[in-house]
Amino acid sequence: MKSQVVLVLALFFVAGAYASFLADWTGFYTVFCLGFVLSLVLPIIWRLGPKRWVYLLATLLAVFACFYVKIRTPQPQTDDISKYAPLSNAIVRGQVIEAPSLTRSERAKFLLEVKEINTSGKLDIKELTQNPAANPSSPEAKPDEANKFVAASGKLYVTVPLIEVTGLRSGQAVELSGRLYLPNRADNFGAFDFKSYLARQGVFAGMSGRSLVEQGNAPSFGEWWFVSRIVRAHVMGAGVPEGSLLSSLVLGSRAVDLPSDLKDAFIQAGLAAVLAASGFQVTLVLGAAIALTRNKSLKLQFVIGSLCLGGYLLLTGASPSILRAVVMGFGSLIGLVVQRRSRPVIGLIVTAVLLLLYQPLWIWDLGFQFSFLATFGLLTTSRSISERLEWLPPTIAELLSVPIAAYIWTLPLQLLVFGKLSPYSLIANVLTTPLVSISTYGGLISGVLGIIFVPIGAAIAWLLYPLLHWMIDLAQWLNTLPNASTSVGAIHLWQMLLAYLLFIAIWVVPWFGKMQRWTIAFVLACVVLFVPNAIAQANTFQVTLPAFNDVPIMLIKNQNQTVLINSGDQQFASFTLQPFLQKLGVNRIDWAISTDTQPDVSDGWNTLVSGSVAIAQFRDISLGVTPKPYQNLQQALANAKTPLASLKAGETLTINNQVEIQLLNQSPDVLKIKTGELSWLLLPNADPKSQQAIAAKKELLPQLSANILWWTGSQIEPTILQSINPKIAIASATSVVEAMVNQLYDSKIRVFWTGRDGAIQWNPEKDFHTLRDQQDTRSPI
C-alpha cells in the first residue's frame, strides 16, 4: 500500500507540472477539478488502491507542482542584458558558463554570465589589446572612457567565429564585441521556437560576436582536462569520425562535437539514443564498479560505485537523461547496502519528481521525456515482450525485447513532436546493440587509460575502429533503403494521451489479460495514432504562406496533392520547411514550382531533393543566367528522373478540380493561382520597372483581377492595383511600404504581411489565420 501511495503522489505531481503550460489560472483550476473528480472515481474502480484522502492529498500536490513550475520559470531582472538589445555594436564582459561547441554554420557557441556592458560600442577589442590606455579597466584610461561600462546581469547566448574560442574554457572571464539582439520567436508553423528554448534556460538575449579577448589565464585544471584526454585518445586511435563517435558513445554528444552529417545519419536511422549518454552507459559504469569490488564489503562497494557515478556525471555534464540514470544508480546502490529489493518503477517516478524539484523546466525537455518513457517501457514491458518471443533463443528474445519496449513507449511522443517514423529503427537498434555494447566498454577502458597516458588509450581505440566503422556504414546504409524516413503527420495531444492510457491500462488492469491484450493493444494503438491523421490528410485543404525574408513561398495541400511554390534557401528548407512537411505528413511534393533561380529563393530545392522528400514534377519560370546551385539542382532532378520543364506564358497547370496555376505573363512574371473559390495574383518581382512593363500591356490588365494580391511589400502602381481589385493583400516581406499600407486600408482591403504576422494560413473552414494570433495567447516561455 505504501508503494501505491508513493506512486499516486508522484504521478499527480508530474501531471501538475505538465498542467503549468496552461495560461494564467487555467492550469490551477484544471488540475484541482480533474484531481477532485479522480478522487471520487478512482477508489471505486481501483478498490485495492489507496484511500480517497490519498487522491485529495495528491490533488493538492499537483496544484503545488503547477504553481512551483510557474514561479521557477525564469524572468529577466531589471538590469538584465536583454534590456539593452538590440544594439548593432556592443562590448560585453562576463564569465563563460559552458565550454564552446560547434554550430551547423561552423561557428562556436556558448553561454556567458554577463557582468558589464559597454553600450557605446566605440571601443574595438583588438584596439584594446594593442593600446592598454584605451581599455576602460586600465589605470591609464581617462575617466569618461571608464564610465562607458555599466553593470549588467543575466545570461547571454553567444556565437563567434571558431578561431576566436581556441583554448577557451568554462569559468574563464572574457570580453567580446558584436551585435546584441533579442532572439526571435518562431515565425512559422511547426518551426523551432528559439526564443522559448533560450528563455527556459534563463537566456533572453543573444550576441553575434565578431571578436573575443580572454581576460586572465585559462583554468589549468578541471573536468575539461579529463574530457580532452579521453577525446584525444579516441581520435588518435580511431581517427575521425570513428574516434568522435567513440567519444560520443562514452561521454554523449553534448561533450563531443560530432560532424553534423554523421549526427543526421544516426538520427534519421533511428539511432539518436546511441549518441546520447544515458542509462546504458551509466549501467556499464556501475556494473563495472560492482564487478571489480564484488569480493569487498557492501560499504566499500557503495563508496566505489558512488565515486564512479559522480565522476561520470562530472565528465558528461548534468543532462536530464544522465541525472535520471545516476539517481537511479544511487538508488540501486542504497538497495544493495541495505539488502532490500528495489521497486524500479517507483524509483523511476520518484526520480522524476526529485529532478523536477531541482529543475522544474526539465518537464519540457525532450531528452528528459524520452529518457523516462524509454526506461519506463523497459521496466514494464520488456519482460512481457520477451515472454511472447519464447519461440526464439533467450538471448535473441531479450535483445529484441529491449528496443521494442523502448520504441513502443516513445512512439506517441515522437509522433506528437516530429510526426515522423523511422521504419528500420528496430532493426537498426537490434543490429547495433552488440557493436554499441562492445565499443562503449572498450571506449571506457580506452578513456581511463588515456587519462593516464594518451597513447595507451589510443591503442585500445585503434582496436575498436572496425566496429565503429561498421556502425557508421550501417546507419548510412539504412538511410538508403526505401522509405527510410516516413512522415505520417503530427498527431494531436488527445491521441498521445489516449495511447498512453491504453498502454498503462494493459500494464495495470488485470482483465486486459483475458482479452488477448497484446492483439487488442496493437490494433487500438494503430487506430488511435494513425487512422485520424490518415482521414484528416485525405480531407485537408489548406494554403500556407511561410515567413522567410522577402521571398514569396506557398504550400498548397489538397486531396493528397501537394504544391510548393519556391523553397527559400538551404537553411530555411532544412530547419523550417522540412519539419513543417513532416508534421503535415508530406513525403512527396507533387508539383514544385520555382519563380526565380537566385539562391535565397531556390537553393532549398537541393536540400529537399537530397532529403526524404520526393518531387514528382518540377516547373520553373525565370529565364536568364542559371547559377551553379540551380544547375546542380537540375542535375539532381535528372538523376532522380523527375520531369523538369519551364512554364510558358499563358500555360495553365491543373492540379485538380480545386487548384490551378496559370502563368499570365513572363518577364516580368505574373502568376495566377486558384484555390477553391479564391484566386491569388502573385507578383514575385514588383519593382517599378516591372510594374511599368505590366501596366503597358493593356490586354493583360483585365486578366489580373483576383481576390488576393500576393506580393513582396513594395508600392503597387494604381493602375495595376485597380485592375487586380483585391479584397485581401498579403505581403511575403519583412516590411511593407507605409504609403502602400495606408492606401490598402483606405480601400477597405484586409492586409497581412509575414514580417508582422508570421506565417499565414488559409482553409475553407477557418478562413485566414496567422501564427502571431495563436502565439499572442501563449506564455512568452
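Guide: Happy to! Angles under 35 degrees count as roughly parallel, over 145 as roughly antiparallel, 65 to 115 as roughly perpendicular and the rest as oblique. One caution before we start: this is a predicted model, where local features need pLDDT of at least 70 and side-chain atom pairs count only at pLDDT 80 or more, while totals for chains, interfaces and linings use all residues. Residues are numbered from 1 along each chain as its sequence is written, and side-chain values use heavy atoms, with hydrogens and water left out.

Two packed helices are described by the angle between their axes and the distance between the axes. Our pair is helix 12 (residues 298-316) and helix 13 (residues 320-338); helices here are DSSP runs of H or I with at least four residues, strands are runs of E with at least two, and both are numbered from the N terminus. Helix 12 and helix 13 pack at an angle of about 175°, with axes 9 Å apart. Those axes are lines fitted to C-alpha atoms over the stretch in contact, and the angles run from 0 to 180 degrees between N-to-C directions. Helix 12 and helix 13 are therefore roughly antiparallel.

Now for the residues that meet, taking contact as heavy atoms within 4.5 Å. Helix 12 brings Leu298, Gln301, Phe302, Gly305, Ser306, Leu309, Tyr312, Leu313 and Thr316. Facing them in helix 13 are Ile322, Leu323, Val326, Gly329, Phe330, Leu333, Ile334, Leu336 and Val337. By class, this contact has 13 nonpolar, 5 polar and no charged residues. Here Ala, Val, Leu, Ile, Met, Phe, Trp, Tyr, Cys and Pro count as nonpolar, Asp, Glu, Lys and Arg as charged, and the others, Gly among them, as polar.

Stepping back, the pair belongs to a protein with 30 helices and 24 strands. The C-alpha trace spans about 95 × 85 × 55 Å along its principal axes. Buried residues (under 20% relative accessible area, with a 1.4 Å probe and protein chains only) make up 49% of the 781 residues. Among contacts with a separation of 6 or more, 70% are between residues 24 or more positions apart.

Your backbone checks may also flag two cis peptide bonds: one joins Ala85 and Pro86, with omega about 0°, and another joins Ser667 and Pro668, with omega about 5°. Pro86 sits in the loop between helix 3 (52-72) and strand 1 (87-96), and Pro668 in the loop between strand 17 (659-665) and strand 18 (670-675).

Note on methods. Buried < 20%, exposed > 50% of the residue type's maximum accessible area, 1.4 Å probe, protein only.
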